[in-house]
Each structure stands twice: as C-alpha cells, then as structure tokens.
Amino acid sequence: MKIEGFNFDEGCFTPGEGSYNTPIATTDFRLETRKVNGVKKIVNADTDVEVTSYVQSGWYWKPHVQLLNHPKASESLEWWPNNKAAKDTFGLNTFGPDVELDFIFDFMERKQKEKKPFFIYHTSHLGHDAMDFLNPNSKNKWPGTPKISWDGKAYTRIQPNVTGDKGVYDTHGTITESGIHHHVNYLDYQVWRYMNKLKEMGVANNTIFIFCADNGTSGYGKGSPVSQKGTHVPLIIYAPGMNMTKKGLQDILVNMSDMLPTIAEIASVKIPDSYEVNGESLLPFLTTDKQKHREWIYGYHKDMQIIRGDFVLKDGKNDWWDVGENPDDLISFKKIKDWNEVSEAHRKERDELNKVLPRFNLHETEHDASINRTETPEPLNVIARKE
C-alpha cells in the first residue's frame, strides 16, 4: 500500500480492498483470498467460511488502522494499536469511525497548541457498504453502529458491549441493526461532535466546514449512468465567521473539482501554473451578489459521459432529461423524447453542451481521464469531510 505517496503531514488510514500483503495480527475481521483445492476463494478470516464478496479489511468493528507520521509512532507508517493502553482497549467494541475522529481531534488540539492552522480531509467509511462481521450471514451491506439518541439538544451514545468470537456475537442491545439509515444518523452525530469541538477550542468562527459525498449510494447510484443518480450528492458549507452573502439552499451547479480552487483562494494559496485546474472557485458566489456559479457540470465513468446545465441533462446512456424544474425527489425528471416539445432555451443549451463533450471524451486515448484531477488575520482552519 503506497499511502506514503500522499502528501499528508499525518494520516489515519483504514486499508482498502486487498491493500495489505500480510494478515494484521490485531484483527481477523477481513475477507482474504485463499487457495482451496487449487482454486482461489474469498474467505472470512474470522470464520474460515467462503463468502461471495470482495477482498476487504474491516473498517467498522475491530478495524484495521494505520497511522502515517504520527508523533508518537516509532515508524512513519505504523499499524495501530501501537501502545499498551490502546492494545488493552482494542477489540470488538472498537468502532472504526470513532477511531478516525479521535485521531482527528488529537491532531486539531496539537495544531492549536502549536498556534498553527489545520486542514483536515476526513473520508468517513460511514455510508460505504462492507462485510458485517458481527452478523456474517446478514444480507444487509451496512453494518450496525453504536446506538445513539437525540433529545433535541444533544446526542447520547451508548457504549458498545459486544462479546463472542468466530462469527457468533452478542451485541447486548448496544448496536443498531444493519442499515444505511443508521450510518447517516451516525454521520450526523459525528458532525455534532465536530461542532462542539470547534466551539470548545474557540475556533468555530475561523473554521470552514465542508460536508459532501463522492458518489451516489451503492444499490442506487454508485456507478449508475442513469440520469444524475451516480453524481448528485449533498454539499454543505458552514462558515459562521465568513461574510457569506448566501444562506440556505442554493439552486446552482457545483462540481467537486471546484473544491480545490475554492479552498486555495480561501487560504490564499497559489496553485502552480503547471497543475491543470478545471474547477472554479466558489468564493465569489459565496461572498458577493453573484447569482450564478457555473454554466454546466460534467462527469464520466469509463466511456460514458454525463453533462448538465440549467435546462437539460445528458446521462451516460445518451438519454436527455428536462431538468428545468426539480421534482421533489430530485430524480424523477422528464425524459426528452421530442425536442419540439421543449423550449428554445432547452434546445440551445443542448447544442452548447454537445460542443463541450468532445473535449473530455478521452476514454480511448487516456483511460479514465477526467475533467476532475480530483479532489494578517487569524489562521484559518478548513475541515473537508467526504462520506
């Protein structure tokens, strides 16, 4: 695994699909490839039972965790738990997303003591499907989370109490059932913790919090070429100390490639001229009376392209959709079958978008090439969190 190649000062990583060569001693929550009678099989290392899935590390319960350049680690890239205190508490009750946030908060506190600003890129596993090792026979792809409750003012989290081994576990009522809705709830709980932490540290008014996702959910939109299912994701920008002229829901087009120039402009960082930038900074829209940000947004998957403007959308199946008005579910757009039945503005935008597409249709010459090469006042902190 070449996480040394990422230019992070520090990192807390959970390995991706098959990214380790040697089983990790701290946990057997992984799906690994084994040869059975000369045939490669994917096996649950916890139960030694063959499964139909993909090779993966445990992200949620009893997770695989690696630290990059941590000040208390003896090596630049080191497996965690890496000290007696952590080893004594690590186990079935250790929830990966909690571990990630603990290391992030520690990093924030250390940077504040050093009187330095911080930038955090938090890619939570919450919302991502995975093997449910606590319920290995479950067909649901989103393992349960620690139980939480909201009383209208604050969250309460129940301390997990999981016992058992080899695929037979008892959660003693402390873990939710499987389901993506529990992941969304736990993301909300973690955002609440972020907000409290920023206030506790006294940096809430000079911190910008960006919340977004990278693709539509598995089973609904991930990799989907239909309409905008695969590319339409939430984006929330919270910056109480910044003089933003826009509040609440904004009906504009934004592309994830816009995040790089936006953050660079906010932090007064010059992007090298040699680095290709296809995004456009959102800062002028956020802080002035500018009413529009982009004319169109683009995405691709292999040889399929998607592009949309204010009136029309062409999806990866080469179908055109009327997006001039948003339906309540943001997906039930009317398919355009007869261009004479839509306005001249629709047809004009279609022609303009058709001129753009050939510029980025590089699948045959540059496999998976993309428009996205993604993704003195008080020091400014930026937290960019992606699902």
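This is a predicted model: local features need pLDDT of at least 70, side-chain atom pairs count only at pLDDT 80 or more; totals for chains, interfaces and linings use all residues.

**The salt bridges around K292**

Mentor: D310 has a relative accessibility of 28%, so this residue counts as partly exposed. D310 forms a salt bridge with K292, and the closest N and O atoms of the two are 2.6 Å apart. This pair links distant parts of the chain. D310 sits in the loop between β16 (304-308) and β17 (312-314), while K292 sits in the loop between α5 (283-287) and β15 (297-301), and the two residues are 18 residues apart. K292 is itself partly exposed, because its relative accessibility is 34%.

K292 has another partner. E295 also forms a salt bridge with K292, with 3.2 Å between the closest N and O atoms. E295 has a relative accessibility of 53% and therefore counts as exposed, since the cut-off for exposed is over 50%.

Now a pair elsewhere in the chain. E114 and K111 form a salt bridge whose closest N and O atoms are 3.0 Å apart. E114, at 38% relative accessibility, counts as partly exposed. K111 has 14%, so K111 counts as buried; the cut-off for buried is under 20%.

Salt bridges can also join into a network, as they do for R30, E32, R34 and D48. The count for the model comes to 22 salt bridges.

Next, the nonpolar core. The largest nonpolar core has 38 residues, and M108 and Y194 touch the most other members. At least two residues of this core come from each of α2 (96-113), α3 (180-201) and β13 (207-212). The largest share, 8 residues, is supplied by α3.

Last, the whole chain. The protein chain holds 6 helices and 20 strands. Of its 387 residues, 46% count as buried. Its radius of gyration is 23 Å, which agrees with the value near 21 Å that a compact globule of 387 residues would have. Along the principal axes, the C-alpha trace spans about 65 × 60 × 45 Å. The chain exposes about 21,500 Å², and carbon and sulfur atoms supply 49% of that area. As for charge, the chain has 47 positive and 55 negative charges, and their mean positions are 2 Å apart.

Conventions. Residues are numbered from 1 along each chain as its sequence is written. Side-chain values use heavy atoms; hydrogens and water are left out. A nonpolar core is a set of buried Ala, Val, Leu, Ile, Met, Phe, Trp, Tyr and Cys residues joined through side-chain atoms within 4.5 Å. Buried means under 20% relative accessible area, exposed over 50%, partly exposed in between (1.4 Å probe, protein chains only). Helices (H or I, at least four residues) and strands (E, at least two) are DSSP runs, numbered from the N terminus. A salt bridge is a side-chain nitrogen of Lys or Arg within 4 Å of a carboxyl oxygen of Asp or Glu. The radius of gyration is taken over C-alpha atoms; the globule rule is 2.2 Å times the number of residues to the power 0.38. Accessible areas come from the Shrake-Rupley method with a 1.4 Å probe; for residues, only the protein chains shown count as cover. Lys and Arg count as positive and Asp and Glu as negative; His and the chain ends are not counted. The place of a charge is taken as NZ of Lys, CZ of Arg, CG of Asp or CD of Glu.
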